[in-house]
Amino acid sequence: MVDANTFAALEKREWSDAQVAQSYAQAFARAANMVVPHLIEAVAPGPGTNALDLCCGHGNVTAGLVHTGANVTGVDFSPAMLEMARNAVPEARFVEDDVMDLDFDDEEFETVTIGFGIPHVPNPPAVFKEARRVLRPGGKLAFSVWCGPEVDTALGYVFGSIEAHGHPDITLPPGPGANDYADPALSFPVLSSAGFQDCSCVTVASMWRVEDPGAPYDFFLEGTARGGALLRPQPEENASAIRKSVVDQVLKNHGSGPIWEVPIPSVVTRAVAV
């Protein structure tokens, strides 16, 4: 039985909520959708390629793979996400499974993609080892992770505002850093240990185009696991202060509108199975 207070339980609980899943797909994922072509380019599938899309969510990367003519299997732990994915991409096969312990044969696939899923698993190195196990030698892996607050990003606006104005009793259970694997100094050695080589990465200028400078707050509140778990329980006074802080930073850094292009950049990492 999974402890209800663990990181794994939080992720499973939040992403199994249909409202959270739908909000992510409808709003937050407008930035994630900008990264899909970069993931597809990194693994370069073609007609008939056996492709595996781990942490497939609502199927945006899966759809990109299908459009290349690949034979695609999508995997996620969220029934709510999988329902949307099946409706959106009927050409693909979808499986509810644990990406740290996949129910697939060795060397079954030629490409593996992971679109923003790595921050949502308690043991990312185990995912990379499983990805290598199910990939044929020479097969390609590509995954994406949001950049951390060391760059100009909505993620920094929101989590910085939570740190400054959130109620001190509202915290997350211990887990991997949300942006750890955007850093090649961490990701490349882990990938090498898992059986990959020729690692490379690119930064993608993903962003949101919004009509409300407070929209990044709303997107994290309504459509994310970590952010939502920190924001939804906030007392009204704290929530108002957090949102105001986000608005102030968007106005300061991105002008007075009426349309704001708010950055939430990401890193796409590519590696080849040995």
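The legends below describe close-up views of a predicted model.

**View 1. The largest pocket and its lining.** The largest pocket has a volume of about 730 Å³. Its lining is made up of 42 residues, and those nearest the pocket centre are E11, W15, F116, G117 and H120. Elements that give two or more residues to this lining are α1 (7–15), α2 (18–32), α3 (36–43), α4 (60–66), α7 (154–165) and α10 (226–231). Sorted by class, the lining residues of the largest pocket are 27 nonpolar, eight polar and seven charged.

**View 2. Helix α1 at the pocket and in its packing.** With five residues, α1 gives the most to the lining of the largest pocket. The buried residues in α1 are F7, A9, L10, E11, E14 and W15. Two of these, E11 and W15, are also among the residues nearest the centre of the largest pocket. The buried residues of α1 pack against α2, α5 (79–88), α9 (215–223) and α10.

**View 3. The salt bridge between R232 and E14.** Side chains of opposite charge can pair when their charged atoms come close. In the salt bridge between R232 and E14, the N to O distance is 2.1 Å. R232 lies in the loop between α10 and α11 (236–254) and E14 in helix α1, so the pair ties together parts that are 218 residues apart in sequence. E14 is buried, at 10% relative accessible area, whereas R232 is partly exposed, at 36%.

**View 4. The salt bridge between D106 and R133.** The closest N and O atoms of D106 and R133 are 2.8 Å apart. This pair links distant parts of the chain, with D106 in the loop between β3 (93–96) and β4 (109–115) and R133 in helix α6 (residues 124–134), 27 residues apart. D106 counts as exposed, with a relative accessibility of 54%, and R133 counts as partly exposed, with 25%.

View 5. The side chains of R209 and E261 form a salt bridge at 2.9 Å, N to O. R209 belongs to strand β7 (residues 207–210) and E261 to strand β8 (residues 260–263), so the pair links distant parts of the chain, 52 residues apart. R209 is exposed, with a relative accessible area of 52%, while E261 counts as partly exposed at 43% relative accessibility. The structure holds 10 salt bridges.

Key
Residues are numbered from 1 along each chain as its sequence is written. This is a predicted model: local features need pLDDT of at least 70, side-chain atom pairs count only at pLDDT 80 or more; totals for chains, interfaces and linings use all residues. Side-chain values use heavy atoms; hydrogens and water are left out. On a 1 Å grid over the protein atoms alone, a cavity is a set of points where a 1.4 Å probe fits but cannot get out, and a pocket is an open set with protein on both sides within 12 Å along at least five of seven lines; lining residues have an atom within 4 Å of a point. Grid points are joined across faces, edges and corners, and a volume is the space filled by probe spheres set on the points. Helices (H or I, at least four residues) and strands (E, at least two) are DSSP runs, numbered from the N terminus. Ala, Val, Leu, Ile, Met, Phe, Trp, Tyr, Cys and Pro count as nonpolar, Asp, Glu, Lys and Arg as charged, and the others, Gly among them, as polar. Buried means under 20% relative accessible area, exposed over 50%, partly exposed in between (1.4 Å probe, protein chains only). Contact means heavy atoms within 4.5 Å. A salt bridge is a side-chain nitrogen of Lys or Arg within 4 Å of a carboxyl oxygen of Asp or Glu.
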